[in-house]
Structures are given as C-alpha cells and as structure tokens.
Amino acid sequence: WDLTSSSLYTASGAHHINPLSGTENITCDNAYCTYSRPACGGEAFDEHVTGPATFRDEKGMAGLGAALLKGPPGGCKTGTTNRHWDDDQGTLNAASFLISDDEDNEAMQFAGGLNGGLHVAADVAPLVEAGKMPLEGLTAEAWFTLEELTSGSNTAGLVSAIHDAKSCGFAMGYTHSVTLTTLYARVGTRTPNTLGAPQFTTATSFNAKLDNFDWNHMVMSFDGTSLSLYLNGQIILGPLSTGSGVREIAYTDQFGVSCGMPLVIGKWQVEHGGALKQVRIMKRGVSAA
C-alpha cells in the first residue's frame with residue numbers, strides 16, 4: 001500500500017474491497033470509493049460517511065485488499081471532536097489526512113483520536129483460505145515517523161493481523177516514551193499440518209528514543225525457523241528461533257478454529273501516532289542484503 005493521493009482514486013486502478021459487516025457499506029464509482037455506516041448513539045446525523053475512503057492495494061486482485069479509513073477508534077466520533085464530519089460542511093475523507101514535504105512526497109498522518117487505523121480485512125480467515133496471507137514465510141515493512149508518546153505498556157501498531165490472547169498471527173509496532181523507543185515484532189507459529197497450540201516469538205529491541213518526525217524504515221522477517229527485526233537497513237535483533245524445526249504462521253487455535261483477527265494498518269493494541277507512507281506484506285522472509 002502506497003499511502004498517497006494517487007492510491008485513493010479508482011481511475012488509477014480498481015479497489016478490491018474485503019467483506020464488511022452487515023451494517024457497513026462501500027460504493028465505488030469512477031472517481032473513488034465511499035464508506036458509510038449507520039449513526040452511533042449521540043450522533044446528530046443519519047449516517048457516518050467517509051469518502052474517498054480507500055487506498056488501493058498495489059497488487060490488485062492478487063493482493064490482500066484495499067485499506068479502508070472508517071474514522072475514529074471504535075467507529076463513533078462522539079467525543080472526539082466538536083464538529084460532525086458528515087454534515088453539510090463536508091465529509092470525512094482519507095485525503096484530509098495526507099501530508100507532503102517540499103518535494104511533494106506524500107504520506108498519511110495517523111492521530112489516535114481521529115483515525116483508528118486503516119482496515120484491510122475484518123477477519124483474515126477468507127484471505128488465509130485463498131492462500132493470500134503469509135504462511136511459510138513473512139516480511140512486513142513500513143516507513144514511518146513518530147509524533148506522539150504511547151500510553152503505558154500498550155503497543156502502537158504499524159501493521160497487524162494478530163490475536164494476542166490466542167498467540168495467532170503477526171504484528172509489528174512500538175512503544176515511545178520521553179527517553180526510550182522500544183520496537184516489537186511478534187509472530188505466532190506452529191509445526192505445519194498439526195493442531196498444536198500456537199506459540200509466540202517476540203523480538204523486542206530497546207533503543208534510544210527515535211527522534212520525532214524523522215523517517216524510519218522498520219522490517220520484520222520470518223523465514224520458517226527464525227524471526228529477525230531490522231531498522232533502517234540494519235539488523236537490530238535476531239535471528240531468534242521460533243521453535244523446533246520448520247514452522248508456519250498460525251491463524252487458527254489448537255482446535256483448528258479461526259482466531260478471528262483483523263488485518264489493520266496503523267494499529268496493534270493502540271493506534272499509531274505519526275505518519276506512514278508505505279506498508280508492504282510479503283510471503284517470504286528477507287535479509288538485510
């Protein structure tokens with residue numbers, strides 16, 4: 001996903017949308033895609049509307065799906081601002097979160113109270129069934145800046161498809177305090193063709209505080225036997241063994257039931273506070289070379 005203005009518009013290519021809940025709706029025309037849902041309690045208008053709302057997956061139909069801006073965390077905007085976006089003064093849209101530098105390089109601004117992340121899939125199970133999710137190997141990467149301190153021990157996410165309680169899936173993120181930035185990569189794995197309980201491997205790198213507003217490139221890589229974490233082209237942790245023998249990423253629990261986790265850009269336990277300009281997920285591990 002390139003989080004730029006050109007990726008918002010359908011004229012540059014079709015937007016593949018994953019299924020939404022029964023109360024949510026997306027319509028796409030020859031300009032862009034618009035998201036709507038019924039109003040929450042306390043909202044003054046009949047429905048919440050976002051448009052343009054989706055960033056195209058650059059791999060098209062072969063990819064994981066467009067990344068959708070739904071609005072504030074939890075879906076309701078009551079209490080997040082004193083102005084309703086979906087009134088006669090305008091509609092919330094993903095373009096309003098885009099920023100650019102002097103050379104017109106674009107990125108998307110994430111702000112926890114206003115932007116609950118970009119939602120790719122409500123549940124990755126259909127993507128796993130279709131063979132689109134990483135299984136035997138994984139690389140996740142993101143270009144990002146940090147602009148807000150995280151609260152407590154909650155991990156802000158750059159990209160995640162994880163169920164922390166069931167040890168399923170994977171995620172990449174950080175905590176950011178006044179003195180320390182801690183980077184995290186986590187993957188849940190099991191032996192292939194078994195129904196054993198998944199187990200997490202977590203790479204945790206304690207770093208001097210990364211400077212706010214500086215661009216950084218973070219990569220996590222799982223190659224079937226180990227997990228590594230990279231920052232700005234250098235390995236900072238790993239390879240860490242993920243267990244005995246070759247393993248694969250687990251998306252089901254020990255009973256074979258889907259763990260039921262979403263795929264989200266800009267959120268793990270809490271929302272990212274800063275900018276993101278490019279996010280990629282690949283089905284193989286990589287090295288710094």
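Biologist: Which residue in β19 does M108 stand opposite?

Modeller: M108 stands opposite L276 in β19. This is a predicted model, in which local features need pLDDT of at least 70, side-chain atom pairs count only at pLDDT 80 or more, and totals for chains, interfaces and linings use all residues. Residues are numbered from 1 along each chain as its sequence is written, and side-chain values use heavy atoms, with hydrogens and water left out.

Biologist: How many bridges join β7 to β19?

Modeller: Strands are DSSP runs of E, at least two residues, numbered from the N terminus, and two of them pair if DSSP finds at least two bridges between them. Here 3 bridges join β7 (residues 106–110) to β19 (residues 274–282), and the two run antiparallel.

Biologist: In what order do the strands of the open sheet lie?

Modeller: The order of the 7 strands is β6-β7-β19-β9-β14-β15-β16, with antiparallel pairing. β6 (98–100) and β16 (234–241) each have a single partner strand, so they stand at the edges with one side left without a neighbour in the sheet.

Biologist: Which strands does a hairpin join through 4 residues?

Modeller: That hairpin joins β1 to β2. Between β1 (residues 25–28) and β2 (residues 33–38) there are 4 bridges, and the strands run antiparallel. N25 in this pair stands opposite S36 in β2.

Biologist: Which way do side chains point along a strand?

Modeller: In a regular strand they alternate between the two faces of the sheet.
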